[in-house]
Amino acid sequence: MLSANRFVKSLAQVIPVYKAEDGQSGGNKNCYGRNGNTSYISVPVGTVVKEQGTTITDLTEHGQEYLAVFGGAGGKGNRFFLSNENRAPMMATPGMAGQERVLQLELRTMAHAGLVGFPNAGKSSLLRAISNARPAVASYPFTTLNPHVGIVEYRDHEQVAVADIPGIIRGAHLNRGLGISFLRHIERCRFLLFVLDLSAPEPWTQLQHLFYELEQYEPGLSQRPQAIVANKMDLPEAREKLETLKSQVTQQVIPVSALTGQNTEELILHLRELYDGYLQGDGSRGVEPIRW
Ligand SMILES: Nc1nc2c(ncn2[C@@H]2O[C@H](COP(=O)(O)OP(=O)(O)OP(=O)(O)O)[C@@H](O)[C@H]2O)c(=O)[nH]1
Ligand SMILES: [Mg+2]
């Protein structure tokens with residue numbers, strides 16, 4: 001609950017609410033402080049403020065502020081009753097109560113690209129291979145429970161933010177696995193990288209399921225600019241399936257091994273092409289693109 005002159009204020013690029021080291025949530029690092037008579041709650045950039053399920057504001061820019069509630073009029077302190085007759089007044093009047101509101105703060109990760117794939121496809125391994133992020137990697141499904149954002153840095157100092165999210169399975173929209181509510185973290189992503197485990201029996205079917213689940217969450221989400229990352233190419237069974245996958249899809253397929261780092265340069269270059277395309281597209285539409 002917010003009361004008495006509290007602002008919701010977004011901080012600069014404080015996306016790593018989650019500890020990059022162990023992949024576990026670092027908890028809500030929202031901090032609370034006072035500035036004169038105004039109280040602030042600082043929240044990560046990308047926080048959506050909701051009241052009874054309705055979005056009130058979307059804090060997408062560093063330093064953006066939202067005035068949530070007003071405080072009540074102040075009371076009169078002892079000094080106010082000071083007079084020649086009464087040099088030490090014991091009287092004071094209380095102030096009025098401030099406004100009260102119950103608001104929900106929902107974090108939506110801000111990143112340019114989103115890694116989407118089945119559990120164990122190698123999304124977190126891939127993020128480790130191409131960026132500075134260190135999400136947990138393990139051979140069991142649903143290792144990633146919270147999103148992680150890694151930054152891919154280019155020689156010209158351009159930075160592309162990539163979000164790793166939990167794995168999606170068939171029927172996730174019916175709440176199977178971890179469900180699909182975490183897809184809100186890729187809602188803002190301008191392009192998607194579909195990560196497939198090419199050692200799986202028929203990896204192309206994974207793609208159909210992923211598309212279906214994304215569409216269940218938000219129609220059109222699966223149509224964002226995209227590429228397919230064919231992962232685990234170090235395994236012999238993966239190499240056999242690459243050509244079949246290419247013949248089944250129209251998107252660009254980038255074969256990589258997140259484990260050995262094989263061909264990750266091509267992925268990084270393609271990521272930059274998607275990013276440049278996004279800058280041109282949004283720039284020409286007069287929209288200020290996300291900058292890191
Ligand atoms: N051989 C091989 N194994 C890989 C490769 N990439 C990932 N793995 C392994 O696959 C397993 C799953 O990797 P993760 O990176 O945790 O997969 P994930 O997609 O993030 O999984 P969730 O977080 O559960 O959705 C781990 O045992 C990795 O070591 C690869 O390129 N080759
Ligand atoms: Mg993971």
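Why does Ile56 count as partly exposed? Ile56 has 15 C-beta neighbours inside 10 Å and is therefore classed as partly exposed (buried means 20 or more other C-beta atoms within 10 Å of the residue's own, exposed 12 or fewer, partly exposed in between, with C-beta atoms placed from the backbone).

The model is predicted: local features need pLDDT of at least 70, side-chain atom pairs count only at pLDDT 80 or more, and totals for chains, interfaces and linings use all residues. Residues are numbered from 1 along each chain as its sequence is written, while chains are lettered from A and ligands numbered from 1 in the order in which they are written.

View 1. Ile56 belongs to strand β6, residues 54-59 (strands are DSSP runs of E, at least two residues, and helices runs of H or I, at least four, numbered from the N terminus). Leaving aside neighbours within four places in sequence, Ile56 is in contact with Val49, Lys50 and Glu51 (contact: C-beta atoms, placed from the backbone, within 7 Å). Gln104 is 48 residues from Ile56 in sequence, with a C-alpha to C-alpha separation of 9.9 Å.

**View 2. The open sheet β6-β5-β9.** The 3 strands pair in antiparallel fashion (pairing requires at least two DSSP bridges between two strands). Because β6 and β9 (104-107) are edge strands with a single partner each, one side of each has no neighbour in the sheet. Neighbouring strands are turned by 25 degrees against each other on average, direction ignored (axes are lines fitted to C-alpha atoms, for helices over the stretch in contact; angles run from 0 to 180 degrees between N-to-C directions). Strand β5 (residues 47-51) is joined to β6 by 5 bridges, and Val49 stands opposite Thr57 in β6.

**View 3. The open sheet of 6 strands.** The order is β11-β12-β10-β13-β14-β15, with mixed pairing. Strands β11 (148-153) and β15 (253-255) stand at the edges with a single partner each, so one side of each lacks a neighbour in the sheet. Strand β14 (residues 226-231) runs parallel to β15, to which 3 bridges join it; Ala230 has Pro255 of β15 as its bridge partner.

**View 4. The shell around ligand 1.** Ligand 1 is surrounded by 24 residues, the closest being Gly122, Ser124, Ser125, Thr144 and Gly167 (near means a C-beta atom, placed from the backbone, within 6 Å). Helix α1 (residues 123-130) contributes the largest share, 3 residues.

Note on methods
Two residues are in contact if their C-beta atoms, placed from the backbone, lie within 7 Å.
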